[in-house]
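Dear colleague,

I am handing over the structure we spoke of, and I would be glad if you could look through it alongside the notes below.

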Amino acid sequence: LARGQYFRYLPEERQLVHVDDAAIQHFPVESFVGLEREMEMLSRNLQFLLHGLPAQNVLISGPHGMGKSAMLKAAVSDLNSRDGGNRLKLIELSSLYDLAEMRHMLQHDLMVSTRKSLKFIFFVEHLFIEDYDQMRAVLATLDGGAGQLPRNSIVVAMTRDPNPDSGSTMGVSTMSMMYGDDDEGGREFEMMEDEDTLALKERFGLQLTLPAPSRERYLSLVKELRERRNVQIPDDVLEMRASRYAKERKSFSSRVASQFIDYLHSEQALFRWNKFEKSELENRRNRRSKANASSELTEEERLRASTLKLEVSEHGNGQGVPQSELLSSSDSNQTESETNTRKDISMSDDDVDLLE
């Protein structure tokens, strides 16, 4: 617990397990283009917690894929890095009701309240309460009643709101079997749901609403991420491919924009690697061809030398006479033969005179 940053609570096993910290280090703060204000407010609240100041529980609402949980993980990783230690502990829950269930673990096993230097952030991906009794237990925990959270901890919850500008509270639900199916019971159930929804939201002092996705915001994010990832592609081609990518996935969310840039980055990296491999293969072929040519030339020279030695040996009658002496002897014999030939020709002329 002292070294890690990211943990997950398993309610069935009643166990806290460490998750690879790379899961939250993957998200740089700078990648949340268009969410700078929300990121700054979240980071400031976590700094309050880190320095022992009163911090608020946080509710982050927005459409699916806008990076709600990723923004929290990025803020925690960034502050831990700047602080020089992993004092912020992110603990993922499957439900807010887990807070009441893990009360004994918090107090006795983890001794959260006694570890003043460590700060704990309990977060849930979906703000969903199954029944009335669980809602009451959660409200009591968040409200400082029995089983209240330690002072060195806060809760961060996410809620999916498909239209955050409408003020809808979709994503916060309660279900109870205490009402029948008649109209009066249905109206009473709806009233109870609205009241509990408002009561639950009031326990979150900092509420951040992420903007709804749009094509313009999506393309702006894509261009910003392209610059940060150093992806080389013209604007017109980028917009065409980015729009087609989003259309295939039926979403203009931040997540889709990040996935698209990841794809382009990998595509270009693979192209450069294949080009490098092709160049290296061509260089190896050229070096091998030169080596073979050099080897053949050397073999030819060896054959020529062997032939010359054989000829010299034959002219020397196998006596091992040096080549210079053989050449000298050969020149002498040739001169003597030419002299005799001239004499023979001369004698033949005298004979002709006598005959005349």
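This is a predicted model: local features need pLDDT of at least 70, side-chain atom pairs count only at pLDDT 80 or more; totals for chains, interfaces and linings use all residues.

Residues are numbered from 1 along each chain as its sequence is written, and side-chain values use heavy atoms, with hydrogens and water left out.

The structure holds 11 salt bridges, a salt bridge being a side-chain nitrogen of Lys or Arg within 4 Å of a carboxyl oxygen of Asp or Glu.

One of them joins Asp262 to Arg229, with the closest N and O atoms 2.6 Å apart. This pair links distant parts of the chain, since Asp262 lies in helix α10 (residues 254-315) and Arg229 in helix α8 (residues 215-229), 33 residues apart; helices here are DSSP runs of H or I with at least four residues, numbered from the N terminus.

Arg226, Glu227 and Asp235 are linked in a network of salt bridges, and within it the closest N and O atoms of Glu227 and Arg226 are 3.1 Å apart. Glu227 counts as exposed at 53% relative accessibility, whereas Arg226, at 9%, counts as buried (buried means under 20% relative accessible area, exposed over 50%, and partly exposed in between, with a 1.4 Å probe and protein chains only).

Finally, Arg249 and Glu248 meet in a salt bridge at 3.2 Å, N to O; Arg249 is partly exposed at 36%, and Glu248 is exposed at 52%.

Technical notes
Helices (H or I, at least four residues) and strands (E, at least two) are DSSP runs, numbered from the N terminus.
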